[in-house]
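Try each task before reading its solution.

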Amino acid sequence: MPHGPVSLLLASASPARLATLRSAGLDPAVRVSSVDEDQVVAAAEAGLGERLAAADVALLLARAKAEDVLASLDADGDEASDLVLGCDSVLELDGEVHGKPADVAEATARWHRMRGGTGTLHTGHWLVDRRAAEDGGTAGLVGGTASTVVHFADLGDDEVDAYVATGEPLRVAGAFTIDGLGGPFVAGIEGDPSNVVGVSLPLLRELALELDVRWHDLSTAD
């Protein structure tokens, strides 16, 4: 079992993920990965000889981000972080995988497809235990993907244009949020709401338990 508080490092640049973890009482450090997401997915699909399912893309990228940050921690000799969490989210629409829109035109076209319809937001999670055995470490790596069905409001063209003009859809997977300016345009969800924000708190708890870390053992904010 854990020996004292277990520290968490988030391998993600997402302010929404960090805010979600903090709102749940945790106090993670942050280190951003340098992963080329398109390259990682292309290499995996080339190796398999087929396209990856959306949920698999999310998990693949979460693992790639965690491993990239782990390598940088090891290179720096940084032993301060006990657990490293990589996350990545993608939106599945009609069997197609979508991340962040590349530009205003893509964000607008995406919302024209999404409005009045339904998509599935997949978030991959990859959690690695860096603790030494004498500190309760397991040397384990565990992963999983949480999926939440999202029902979008039927926006008019002017509403789409106004929302895209805020810039928010360009900064987030799927071109929408439920915890920001996009909240009024999400008519409902089926599943874990924190997963839509970018980190499933229930799944993270389950993954931590697989590494013999209970939620209340994780380092908390003061």
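**Exercise 1.** Find which elements the buried residues of α7 pack against, and where on the helix those residues lie.

*Solution.* 
Step 1. The buried residues of α7 pack against α1, β3, β5 (118–129) and β6 (141–152), where contact means heavy atoms within 4.5 Å. This is a predicted model, numbered from 1 along each chain. Local features need pLDDT of at least 70, side-chain atom pairs count only at pLDDT 80 or more, totals for chains, interfaces and linings use all residues, and side-chain values use heavy atoms, without hydrogens and water. Helices (H or I, at least four residues) and strands (E, at least two) are DSSP runs, numbered from the N terminus.

Step 2. List the buried set (under 20% relative accessible area, 1.4 Å probe, protein chains only). In α7, residues 201–210, it consists of L203, L204, L207 and A208.

Step 3. Look down the axis: these residues line one face of α7, because they fall within an arc of 135°, taken from the directions from the helix axis to the C-beta atoms. An α-helix has 3.6 residues a turn, so residues three or four places apart point the same way.

**Exercise 2.** Inspect both ends of α7.

*Solution.* 
Step 1. At the start of α7, a side-chain oxygen of S200 comes to within 3.3 Å of the backbone nitrogen of L203.

Step 2. Just after the helix, D212 has a positive phi of about 65°.

Definitions and conventions
Buried means under 20% relative accessible area, exposed over 50%, partly exposed in between (1.4 Å probe, protein chains only). A polar contact is a pair of N or O atoms within 3.5 Å; within protein, one must be able to donate a hydrogen and the other to accept it, and residues adjacent in sequence count only if both atoms are side-chain atoms.
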